[in-house]
Amino acid sequence: MSYNITPTGEATGAIYFDHLSPIKVFGTDKIRDTFGETTLQQAVNARFAPGVVDVVLTPDAHVGFGAPIGCIMASPTHIYPGPAGVDISCSMSLLQLDLPEDAIADKRLRRAIINAICARIPNGYGKGRAGKKPDFPVENIEQAMTQGATEATCQIFNVPVEWIQRCEEPTHVGHCTNGEILAERLEQIKFDITHGKGSFRHYAQKLTQIGSYGGGNHFGECEIVRLSEYDKNIVKDESRLNVAKTFGLIDGNVAFLSHCGSRGLGNALAKRQFKLLQEKFKLWNIPLPGEDPELVYAPLDTPEANDYIDDMALAANFATMNHLIINALVLEAFQEVIPGITGRLVYHISHNIARREIVNNRPMWIHRKGATRAYPAGHFALAKTPFADTGHPILLPGNPTQGSSVMVGLEGASSSLYSVNHGAGRAMGRRVANQTLDQQVVDQEFNDADILTNCRFYPKDEAPAAYKDFNEVLHSVEVAGLAREVARLQARFVIKDSSAPDD
């Protein structure tokens with residue numbers, strides 16, 4: 001079910017106010033009740049912001065910085081760092097293994113795989129080193145930042161080259177197509193750091209975080225693929241298009257889902273841009289949309305806009321290579337414990353990014369903050385990709401006990417700017433979760449479901465109870481005709497940072 005909200009915040013059918021298109025809210029009645037006034041007010045602030053022509057809220061929407069998390073914002077004239085997210089290109093990836101679920105039934109074997117992964121992939125705030133993680137030279141990491149996932153960078157980082165075509169956007173080029181622009185921008189950033197201009201500390205240390213998960217809601221999760229009944233039937237009927245086969249999903253086999261972003265590098269670049277733009281707004285006495293300093297913006301084709309777009313591209317390229325390295329290390333860890341297995345990347349897709357897209361024959365900057373692209377079969381942007389005839393995979397993390405989901409976009413996604421939610425969405429803040437949830441109950445829930453973790457005590461602020469009902473969230477997407485589920489992912493173990501969250 002979808003709702004429309006006028007810029008006064010009133011839920012309506014389809015009322016327009018001052019010639020502004022209404023905010024579209026996708027969610028069942030149960031989901032709609034989870035948003036709260038602050039979430040809706042942030043959406044209204046975003047809708048009134050200069051140059052914004054459309055705002056959409058997804059079922060997982062909740063309070064964020066500037067715009068809500070679970071928000072899509074379109075502008076043909078302006079770029080907004082806040083609605084692109086502070087963790088630039090926070091994203092999902094899924095690795096499909098040729099390993100049947102029975103092969104990891106034994107808890108001791110699963111524990112050995114957890115240990116092998118943690119020996120290679122650090123997790124936690126600011127952490128970038130692990131015993132078996134390769135030390136990558138700074139110049140190679142900078143090459144990945146400026147070039148993205150290319151054949152050359154994949155070879156440098158020992159990543160299968162064929163995984164490039166399984167990335168939503170292997171290379172982000174910045175504000176123009178000139179391949180030298182990002183290299184020039186990076187040199188300017190490094191010059192500013194050296195000469196004390198702008199806020200950017202520990203640059204070299206942040207680069208070492210490539211190939212790591214980070215903290216908070218980032219994780220690695222071992223899954224069992226469960227195809228939907230619809231897709232199971234298609235598998236048996238080769239006369240019909242097999243979406244699951246195109247995606248590379250194998251029913252009943254082990255897969256590995258990863259959630260992370262551009263780590264400390266992207267966070268520093270985003271915060272630096274916030275500070276620079278906020279200083280400009282104050283200097284020029286420009287009013288802030290909704291009086292919110294996180295809704296600063298820059299008109300396109302200005303130096304400020306170009307700098308932000310280039311910085312976002314640098315971070316997004318870092319995030320893409322971060323995921324590819326993680327998946328290569330995960331595969332290596334599985335092979336250490338179970339020799340001879342192989343793995344294939346299903347997809348890598350961002351849910352914190354602003355992208356230049358064509359909407360209704362008009363170029364726009366689509367800002368997806370905690371929202372995922374959902375192009376259906378036949379969308380012109382998927383031409384010459386493996387997913388032209390099916391639509392691309394949509395990777396949605398839920399929670400370990402309810403599972404996560406692989407979906408595919410439908411034609412109805414045109415009503416949501418070809419976007420869906422990025423996961424379940426928080427039902428309670430971290431502080432509230434830590435204060436109200438019972439640690440013994442949280443840990444027992446994992447024991448009852450036979451889900452192992454690397455944590456002595458699973459973080460309460462990341463417990464399933466801290467998030468919305470994932471099944472209801474998915475129902476909101478399907479009943480609105482935005483996307484349908486191809487497979488549910490059943491967790492067998494979780495790798496998560498159990499240290500105190502950095503609020």
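**Exercise 1.** Compare the span of helix α2 with its expected value, and list the buried residues of α2.

*Solution.* Helix α2 covers residues 36-48, 13 residues in total, and extends 19 Å from its first C-alpha to its last. Helices here are DSSP runs of H or I with at least four residues, strands are runs of E with at least two, and both are numbered from the N terminus. The model is predicted: local features need pLDDT of at least 70, side-chain atom pairs count only at pLDDT 80 or more, and totals for chains, interfaces and linings use all residues. Residues are numbered from 1 along each chain as its sequence is written, and side-chain values use heavy atoms, with hydrogens and water left out. Buried means under 20% relative accessible area, exposed over 50% and partly exposed in between (1.4 Å probe, protein chains only). In α2 the buried residues are T39, L40, Q42, A43, V44, N45, A46 and R47.

**Exercise 2.** Determine which residues make the contact between α4 and α6.

*Solution.* The axes of helix α4 (residues 138-147) and helix α6 (residues 181-194) come within 8 Å and cross at roughly 125°. Axes are lines fitted to C-alpha atoms, for helices over the stretch in contact, with angles from 0 to 180 degrees between N-to-C directions. The arrangement of α4 to α6 is therefore oblique. From α4, E142, M145 and T146 take part in the contact, and from α6, L182, A183, L186 and K190; contact means heavy atoms within 4.5 Å.

**Exercise 3.** Is N158 buried or exposed, and where is N158 located?

*Solution.* N158 lies in the loop between α5 (151-156) and α6. Its phi is near 60°, a positive value in a residue other than glycine. N158 counts as exposed because its relative accessibility is 62%.

**Exercise 4.** Apply the steps of Exercise 3 to D450.

*Solution.* D450 sits in the loop between α13 (439-448) and β18 (452-453). Phi of D450 is near 55°, a positive value in a residue other than glycine. With 25% relative accessibility, D450 counts as partly exposed.

**Exercise 5.** Describe the surroundings of T153.

*Solution.* T153 belongs to helix α5. At 0% relative accessibility, T153 counts as buried. Leaving aside neighbours within four places in sequence, T153 is in contact with Q143, A144, Q147, G148 and M321.

Notes: The expected span of a helix is 1.5 Å times one less than its number of residues. Angles under 35 degrees count as roughly parallel, over 145 as roughly antiparallel, 65 to 115 as roughly perpendicular and the rest as oblique.
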